[in-house]
Amino acid sequence: MNITYADTKEVVAYRNFVCSPTCRDAQRTFRKYFPPSIEKAAVKLHRRLSVEFANAGAYNRVYGKTDNRIELIEGQRDKEGLILKTRVNDSYRKFFNAFMAEDGSDYLAVGAWQGQFDIITDIHVVDVNNHDYKRV
């Protein structure tokens with residue numbers, strides 16, 4: 001899958017670390033916002049989403065019965081951009097939008113969602129936090 005990231009400090013620190021986990025500067029910045037205990041899980045999740053699976057449907061066919069499945073956030077309005085989540089570890093969640101068009105020009109709306117995980121090949125990470133749904 002193609003993954004893009006929001007420009008917030010926390011998300012940029014997350015992106016820089018998971019894209020180059022051996023970089024000491026990226027690790028130090030990551031640890032300003034996140035506990036060291038999620039480092040391995042964050043890198044593993046990034047590798048799975050960006051390299052191992054072509055779309056969210058393929059990912060969920062393998063991890064759909066586990067806590068790390070990709071799932072919807074409840075309580076969104078029909079015209080809002082669809083926000084999905086997956087677990088980084090037991091407490092931290094990764095929240096992201098799914099793109100509707102292949103060129104990434106528009107987010108998939110909640111009202112257009114019919115459970116079609118196979119069409120999600122591009123995601124935009126908007127937040128990584130400790131189970132705080134109000135921030136998203």
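Q: What makes Glu-71 partly exposed?
A: Glu-71 has a relative accessible area of 23%. Buried means under 20% relative accessible area and exposed means over 50%, with partly exposed in between (1.4 Å probe, protein chains only), so Glu-71 is partly exposed. This is a predicted model, in which local features need pLDDT of at least 70 and side-chain atom pairs count only at pLDDT 80 or more, whereas totals for chains, interfaces and linings use all residues. Residues are numbered from 1 along each chain as its sequence is written, and side-chain values use heavy atoms, with hydrogens and water left out.

Q: Why is the pairing of Arg-69 and Glu-71 called a salt bridge?
A: The term requires a side-chain nitrogen of Lys or Arg within 4 Å of a carboxyl oxygen of Asp or Glu. The side chains of Arg-69 and Glu-71 meet at 3.3 Å, N to O, so the pair qualifies under that rule. Arg-69 is itself partly exposed, at 28% relative accessibility, and a network of salt bridges links Arg-69, Glu-71 and Lys-85. In total, the structure holds 8 salt bridges.

Q: How do you know that Arg-87 and Asp-67 form a salt bridge?
A: Their N to O distance is 3.9 Å, and because the limit is 4 Å, the pair is counted. This pair links distant parts of the chain, 20 residues apart, with Arg-87 in strand 3 (residues 83-87) and Asp-67 in the loop between helix 4 (56-63) and strand 2 (71-72). Helices (H or I, at least four residues) and strands (E, at least two) are DSSP runs, numbered from the N terminus. Both partners are partly exposed, Arg-87 with a relative accessible area of 22% and Asp-67 at 42%.

Q: Why are Asp-25 and Arg-28 said to be separated by about one helical turn?
A: They are 3 residues apart in helix 2 (residues 24-33), which means a separation of about one turn. An α-helix has 3.6 residues a turn, so residues three or four places apart point the same way. The side chains of Asp-25 and Arg-28 meet in a salt bridge at 2.5 Å, N to O.

Q: What makes helix 1 roughly perpendicular to helix 3?
A: Helix 1 (residues 9-19) and helix 3 (residues 39-52) pack at an angle of about 75°, with their axes 9 Å apart. Axes are lines fitted to C-alpha atoms, for helices over the stretch in contact, and angles run from 0 to 180 degrees between N-to-C directions. Angles under 35 degrees count as roughly parallel, over 145 as roughly antiparallel, 65 to 115 as roughly perpendicular and the rest as oblique, so helix 1 is roughly perpendicular to helix 3.

Q: How do you know that Cys-19 is in no disulfide?
A: A disulfide is a pair of cysteine sulfur atoms within 2.5 Å, and the count by this rule is 0. For Cys-19, the nearest cysteine sulfur is that of Cys-23, 11 Å away, and Cys-23 is partly exposed, at 32% relative accessibility.

Q: Why is Lys-94 called buried?
A: Lys-94, which lies in strand 4 (residues 93-98), has 0% relative accessibility and therefore counts as buried. Leaving aside neighbours within four places in sequence, Lys-94 is in contact (heavy atoms within 4.5 Å) with several residues, among them Tyr-5, Tyr-14, Leu-45 and Val-128. Lys-94 and Val-128 are 34 residues apart in sequence and 4.5 Å apart in space, C-alpha to C-alpha.
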